[in-house]
Amino acid sequence: MSEIDFSAWEAPPPPDGLADAVVARMAEPEPQPEPVSTKRRWVIAASAAGVLAVAAGVWAIARPHGTPVPDHGAVLADRAQHIELGGGISADLDRGADVRWHRTAHGVEIEQRAGAASWRVGGDEHVMIGATVASIDAAGASLRVEVPMNVSDVRVIGASALTAATVAMVTVVVYEGHVKVASSGQTVVVQPGSTYTIKQQPPAPVVTATVEHPRVAVLGLEGWQGDAVAHYLVSDLRALAMDSTAKELADEKLLHDCESEAPVCMAAIGSDLGAAQLIYGSVASQRDGYDVTLKLFDVGRQQLERTVTERIPASESQGPARQDWAARLYAEVTGAARKPPPAPPKKQPPACDADALIQEGNQQMADGKHIAALAKYEAAIACKPEERVERLAFMASCNAVSVTKAREHWGKLSSASQNQVLQICVRNGITLDQLDTSCDADDLQQKGMSSEQVGQHGAALSSFEEAMHCKNANLARLYQLSFMAACNAKSVGKARQYWGKLAPAPAQTLKQMCVRNGITEDMLDGGPAAPAPAAGTATLHIDCVPQAQILIDGAPTGKTTPVNLTLTPGKHKVTYVIGADRFTYPVTLRAGETESVSKDLR
Amino acid sequence: MQAAVTRRREELDELTLRRAQRGDERAWRDLIARYQAPVHALVWRLLASRAPHRAEDVTQETFVRVLRALPRFEPAGPATLTTWILTIATRLALSELRKPLPASLEREPLTEERADHASERARLGAAIARAVAKLPEGQRAVLVLREYHELEYAEIADALEIDVGTVKSRLSRAKDALREHLTAMGVRL
């Protein structure tokens, strides 16, 4: 048949909107199998009855005690949720909690890798909770364990000079029962009503046990809707106040039949809690952060002493930045700091030799010292952030079987890089689910919107695109936001990409965003793109926080970010110059296309 | 023989596949974008003689079934994702061919006039279409999967649930019949 040109019989192209139609159908319930006939149903019922009878007999002989539950499992809570491990062991997990367990002959071994959980352990049961830097032994107890998500892997990376600066803290609040906490070779019995805090630095654990009643009680803030930021902020404040009461303002007002925060009401609440002072207030989520109001109430004098209101930017609402804010707010409201807090120090890349650090890391990797290698790579990233080093750090994290660290570096990789290196973690037993679930579409969307509001359109687009990979992504909304950011960044290619994903009605409304930036509807539809680079050239959109001078292939352009440059296709090096610091990134341009490079170098 | 119309393309990357398997809508769309052309071409060629108007619906149904079954697809298994998807498409198309045609629908003629005023290449394409349409459906499926989608004999055997020997014999008979039909139509081979 070699004489026949089969290609002459051409098939038509696939229909437009096929993906939309398929995705829409996937939202419909899956059709059930056709109902079986009456006769067949009788046969199945009789068979099932027989099987059940046999099973019942077996169960009567060898029935388990209590409700059967899996003897092992794992939960990464994407919302507050309750889990039952059987035998009277249960937990209420806060959003973000990462918990695994397995039952042994001696009880249940639990690993709480990150987040907060309130545990209840029945009187006959015994659990061991591994919480990064601490091991918690509980029997017949009720307790809360909090592992800050940003330091949950400190045990793995404890030797790192870079991370030594991070204060790792695990907090154990014991409500009732018998609890022992072991850390750094020291075991402490934590009494009911006490809080035990373990800090990685200074090395010796800081014990704040046997506190009968706190002098300052921090009530949960009003106005938050299950938001993790508000929750952790309150946890931070309670840790600073050494408060273990864990009471909510709204609950206490209701319990004391108070409609307002009248002094007589607050005094009654404070008195019942045995507190000399109360801290309470509210939190309101804003587009670019959180408005937090804290009040200090003197219970004895029955009067409001001080009110503090601050807006915590979204970019500072997690991890150490949030803890800094908690400390600042706490100091202000308690009067410990009467002068304005100093602005957070501007991060300056340390004077260091990134290439030397990478070399050292590579040697450590070759020697199988993955944790040490990771520390070197992270030091190199701090010195000079580059994606290739993020890849190395990801590889070291995977080989060290550090989920948290792998997740951290995974989030900084491009899709192409993720695709290249995923297998490294997979072969070490870390799944894509464990890597991907770290992202929160809402947070990323918020981050992107904050960037967009300050004119960082490229950064905004990156955040929106990153958010699309999160499980809770609202794709329709993200397509619209990405289209807006692409238009404002004057990126014809990206705008065209998202234009095709917009529903017809919003597309017509949003079109003006591109039109006002010189991108016409024809260009969006794939027509001639007037501002597009001429054949044989390419356009590079460069953006950066903070503003930077730009060098291309080492040569000054005289331009500062944001800027669009017309360059020859091929490989180039983009250098951001910020003060005395230089950050260089490779980029590959294709003829006739527009690429975008946007960095956050604060 | 000149190059087949639908060359085998690179498989979907592992990351997108894994995301699609756990229900990531964006990954679903990437998967559909990657495979919609070969799937639609396969379905359309199998149905061209009888129900080309059903090609769009069968293509859509193929992807719905693919996405629903995707979590059970084993990337390390014997079938590539392409083969697996084309298998689903083939079975749905053959099933469609076995359904009775509604009385209100006439078979779309593989028009002579379209070829009459078209180029030589278009006339050849139309002649191949008419010749393929005369093949029994089993032979047609083997021919299309082999010549247009470059499946291996074993892959075709798995897709159609027949022996490899049967695949080879059907392909041989299909080519002989095709040559005969084309010669009868005046196509110089």
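A: Chain B has 189 residues, and 50% of them are buried (under 20% relative accessible area; exposed is over 50% and partly exposed lies in between, with a 1.4 Å probe and protein chains only). Keep in mind that this is a predicted model: local features need pLDDT of at least 70, side-chain atom pairs count only at pLDDT 80 or more, and totals for chains, interfaces and linings use all residues. As for bookkeeping, residues are numbered from 1 along each chain as its sequence is written, chains are lettered from A and ligands numbered from 1 in the order in which they are written, and side-chain values use heavy atoms, with hydrogens and water left out.

Chain B has nine helices and zero strands (DSSP runs numbered from the N terminus: helices are H or I with at least four residues, strands are E with at least two). Along the sequence that reads α-α-α-α-α-α-α-α-α. Of the contacts in chain B between residues at least 6 apart in sequence, 67% join residues at least 24 apart (contact means heavy atoms within 4.5 Å). Chain B exposes about 9100 Å², with carbon and sulfur atoms supplying 48% of that (areas by the Shrake-Rupley method with a 1.4 Å probe; for residues, only the protein chains shown count as cover).

You'll find it in helix α7 (residues 137-147) of chain B. Arg140(B) is buried and yet has no salt bridge (a side-chain nitrogen of Lys or Arg within 4 Å of a carboxyl oxygen of Asp or Glu). The nearest side chain of opposite charge belongs to Glu137(B), 6.2 Å away (Lys and Arg count as positive, Asp and Glu as negative; His and the chain ends are not counted). What does Arg140(B) touch, leaving aside its neighbours within four places in sequence? The contacts are Arg45(B), Leu46(B), Ser49(B), Leu97(B), Val132(B), Ala133(B) and Leu135(B).

For an arginine in chain B that does have a salt bridge, look at Arg91(B): its side chain meets that of Glu161(B) at 3.9 Å, N to O. Arg91(B) sits in helix α4 (residues 81-98) and Glu161(B) in the loop between α8 (153-160) and α9 (164-184) of chain B, so the pair ties together parts 70 residues apart in sequence. Arg91(B) counts as partly exposed at 36% relative accessibility, while Glu161(B), at 63%, counts as exposed.

Over all chains there are 33 salt bridges. One of them pairs Arg25(A) with Glu61(B), 2.6 Å from N to O. That pair crosses between chains, from helix α1 (residues 18-26) of chain A to helix α3 (residues 55-69) of chain B. Arg25(A) is partly exposed at 22% relative accessibility.

That brings us over to chain A, with 18 helices and 21 strands. Of its 602 residues, 46% count as buried. Chain A exposes about 29300 Å², and carbon and sulfur atoms supply 53% of it. Here too there is a salt bridge to look at: Asp288(A) and Arg311(A), with the closest N and O atoms 3.0 Å apart. Asp288(A) is in the loop between β12 (277-286) and β13 (289-298), and Arg311(A) is in strand β14 (residues 303-313), 23 residues apart. Asp288(A) is partly exposed at 29%, and so is Arg311(A) at 38%.

Last stop, the disulfides: the structure holds two over all chains (pairs of cysteine sulfur atoms within 2.5 Å). One is formed by Cys398(A) and Cys425(A), with sulfur atoms 2.0 Å apart. The link is left-handed, with -90 degrees about the S-S bond. It runs from Cys398(A) in helix α9 (residues 387-399) to Cys425(A) in helix α11 (residues 415-426) of chain A, 27 residues apart. Both Cys398(A) and Cys425(A) are buried.

Another disulfide joins Cys487(A) to Cys514(A), S to S 2.0 Å. The Cys487(A) and Cys514(A) link is left-handed, at -90 degrees about the S-S bond. Cys487(A) lies in helix α15 (residues 475-488) and Cys514(A) in helix α17 (residues 504-515) of chain A, so the pair ties together parts 27 residues apart in sequence. Cys487(A) is buried at 0% relative accessible area, and Cys514(A) is buried at 0% as well.
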